[in-house]
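Hi everyone, thanks for coming. Let me put the structure up, and then I'll walk you through a few spots.

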Amino acid sequence: KRLSRAETVGIVVTRDLKPGKFVKFTIDDGSGCISCVLWLNQLNSSYFSRRNPSDVRLIAQAATDFASDLQLAVLARVRGRITDYRGTVQISVSDVVVERDPNMQILHWLDCMRLARQCYD
């Protein structure tokens, strides 16, 4: 089956901030490293120009807050759309949550195993 959306929990191992444009970072979820990009250009983007300006401001503020929370060596939960950029799979992030409980990564793995058993067994 083709996948279009993903969620993962892992440690932020790289972070590259281009103010007003994007934050590119890598999450190590224990099975490998996943490239992620969080866009910060909602106020200038033609994609968002069709939306209500107050909604766009809220989205832009949320993205800026996510970017400031995202630091090296934090445990983060990332949700977004699976995309391809220059032949490399990445997640275009829609939501980032910094996890305070270090057990969340293990709990996420257990959740994934439970879902896999429900779907494939």
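So, let's start with Thr 64, which is partly exposed, with a relative accessible area of 43%; here buried means under 20%, exposed over 50%, and partly exposed in between, using a 1.4 Å probe and protein chains only. Thr 64 sits in helix α1, residues 53-69. Helices (H or I, at least four residues) and strands (E, at least two) are DSSP runs, numbered from the N terminus. Trp 39 is 25 residues away from Thr 64 in sequence, but the C-alpha to C-alpha distance is 9.0 Å.

A quick word on ground rules: this is a predicted model, so local features need pLDDT of at least 70 and side-chain atom pairs count only at pLDDT 80 or more, while totals for chains, interfaces and linings use all residues. Residues are numbered from 1 along each chain as its sequence is written, and side-chain values use heavy atoms, leaving out hydrogens and water.

Strands β3 (residues 33-39) and β5 (residues 88-98) run parallel, joined by three bridges. Val 37 stands opposite Ser 92 in β5.

What about the inside? The largest nonpolar core has 18 residues, and Phe 25, Leu 38 and Val 93 have the most contacts inside it. Such a core is a set of buried Ala, Val, Leu, Ile, Met, Phe, Trp, Tyr and Cys residues joined through side-chain atoms within 4.5 Å. Its largest share, four residues, comes from β5.

Key: Two strands pair if DSSP finds at least two bridges between them.
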